[in-house]
Amino acid sequence: MAKSLFLTPLGTLGLLRLAKSQGKIDKVKPYIDTLVKNGFRIGKQLYEQVLKQENEWS
């Protein structure tokens, strides 16, 4: 739907990254971990990639 309106789809992780970049949240990791704990499926590679991009990978 978004593409048909010439919008770029963000997805859940993209939305969290946007919230962090706008100062709405301090870190994305706690939110991602909560999502995973509650059944949100995310691959290990994508999980690590997002945390590395946000300088939250330890």
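Q: Where in the chain is confidence lowest, and where is it highest?
A: This is a predicted model, in which local features need pLDDT of at least 70 and side-chain atom pairs count only at pLDDT 80 or more, while totals for chains, interfaces and linings use all residues. Confidence is lowest in α1, at a mean of 96, and highest in helix α2 (residues 29-37), at 98. pLDDT is the predictor's confidence in each residue, from 0 to 100. Helices are DSSP runs (H or I, at least four residues), numbered from the N terminus.

Q: What does the chain average?
A: The average pLDDT is 94, and 100% of the residues score at least 70.

Q: How are residues numbered, and which atoms do side-chain values use?
A: Numbering runs from 1 along each chain as its sequence is written, and side-chain values use heavy atoms, with hydrogens and water left out.

Q: OK, salt bridges. How many does the structure hold?
A: Five. A salt bridge here is a side-chain nitrogen of Lys or Arg within 4 Å of a carboxyl oxygen of Asp or Glu.

Q: Which residues are linked in a network of them?
A: R17, K20, E54 and E56. R17 and E54 meet at 2.5 Å, N to O. R17 lies in helix α1 and E54 in the segment after α3, so this pair ties together parts 37 residues apart in sequence.

Q: And what about K20 with E54?
A: Their side chains meet in a salt bridge at 3.6 Å, N to O. K20 also forms a salt bridge with E56, with the closest N and O atoms 2.7 Å apart. That pair links helix α1 to the segment after α3, 36 residues apart.

Q: Is E54 buried or exposed?
A: Buried, at 13% relative accessibility. E56 is buried too, at 11%, whereas R17 is partly exposed at 31%. Buried means under 20% relative accessible area, exposed over 50%, partly exposed in between (1.4 Å probe, protein chains only).

Q: Switching topic: which residues make up the largest nonpolar core?
A: Nine residues: L13, L16, A19, I25, V28, I32, Y47, V50 and L51. The elements giving two or more residues to this core are α1 (11-21) and α3 (44-53). A nonpolar core is a set of buried Ala, Val, Leu, Ile, Met, Phe, Trp, Tyr and Cys residues joined through side-chain atoms within 4.5 Å.

Q: What does Y47 touch?
A: Leaving out residues up to four places away in sequence, Y47 touches K29, I32, D33, I42 and W57. Contact means heavy atoms within 4.5 Å.
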